[in-house]
Amino acid sequence: LDTGTNAIKLASEHLPEGGVIYMLGFDMKAGKEGKNNNIYKDTKCYSSSDSEMRNTDKWINEIRTVMKIHPFISYCRVDNTKNLPEEWNDLHNVECISYEEFEYNCVV
């Protein structure tokens, strides 16, 4: 499993039923012309912004598996597109909100 998937998996295993996991920075898509759009691009020990984006289908399916294993945890992807990966649309415990909605509803 990749870092993001592991983070969600560990949080899911330690959060009580009814808890919410907010996923910030899970872009799930390539940037311009299929290039790496990760926040850590061009930093030490990470891919450059000129590198090709890895296949995100792997991440999407791994995270879907975690969400299915933990049906009583709510997962909230924070992204201004307010779109979920198509593979998550049938899951009852996942939604997508904008960064503005996250700040309004979740930041103390």
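Me: Is D90 buried or exposed in this model?

Reply: This is a predicted model, and in it D90 is exposed, because its relative accessible area is 56% and the cut-off for exposed is over 50%.

Me: Which side chain does D90 meet in a salt bridge?

Reply: Side chains of opposite charge can pair when their charged atoms come close. Here the side chain of D90 meets that of R64, with 2.7 Å from N to O. This pair links distant parts of the chain, since D90 lies in the loop between β2 (74–78) and β3 (94–97), whereas R64 sits in helix α2, 26 residues apart. R64 counts as buried, because its relative accessibility is 17% and buried means under 20%.

Me: How many salt bridges does a search of the whole structure find?

Reply: The search finds six salt bridges. Among them, E101 and K82 meet at 3.2 Å, N to O, and this pair joins helix α3 (residues 99–106), which holds E101, to the loop between β2 and β3, which holds K82. D2, K58 and E62, in turn, are linked in a network of salt bridges.

Me: Which residues touch the most other members of the largest nonpolar core?

Reply: A nonpolar core is a set of buried nonpolar residues joined through their side-chain atoms. The largest one here has 14 residues, of which I8, M23, I63, M67, Y75 and W88 touch the most other members. Helix α2 (56–69) and strand β1 each supply at least two residues, and the largest share, four residues, comes from α2. Leaving aside its neighbours within four places in sequence, I63 is in contact with T5, I8, M23, F26, M28 and W88.

Technical notes. Residues numbered from 1 in each chain as written. Predicted model: local features only at pLDDT ≥ 70, side-chain atom pairs only at ≥ 80, totals over all residues. Heavy atoms only, no water. Core = buried A, V, L, I, M, F, W, Y, C linked by side-chain atoms within 4.5 Å. Buried < 20%, exposed > 50% of the residue type's maximum accessible area, 1.4 Å probe, protein only. Contact = heavy atoms within 4.5 Å. Salt bridge = Lys/Arg side-chain N within 4 Å of Asp/Glu carboxyl O.
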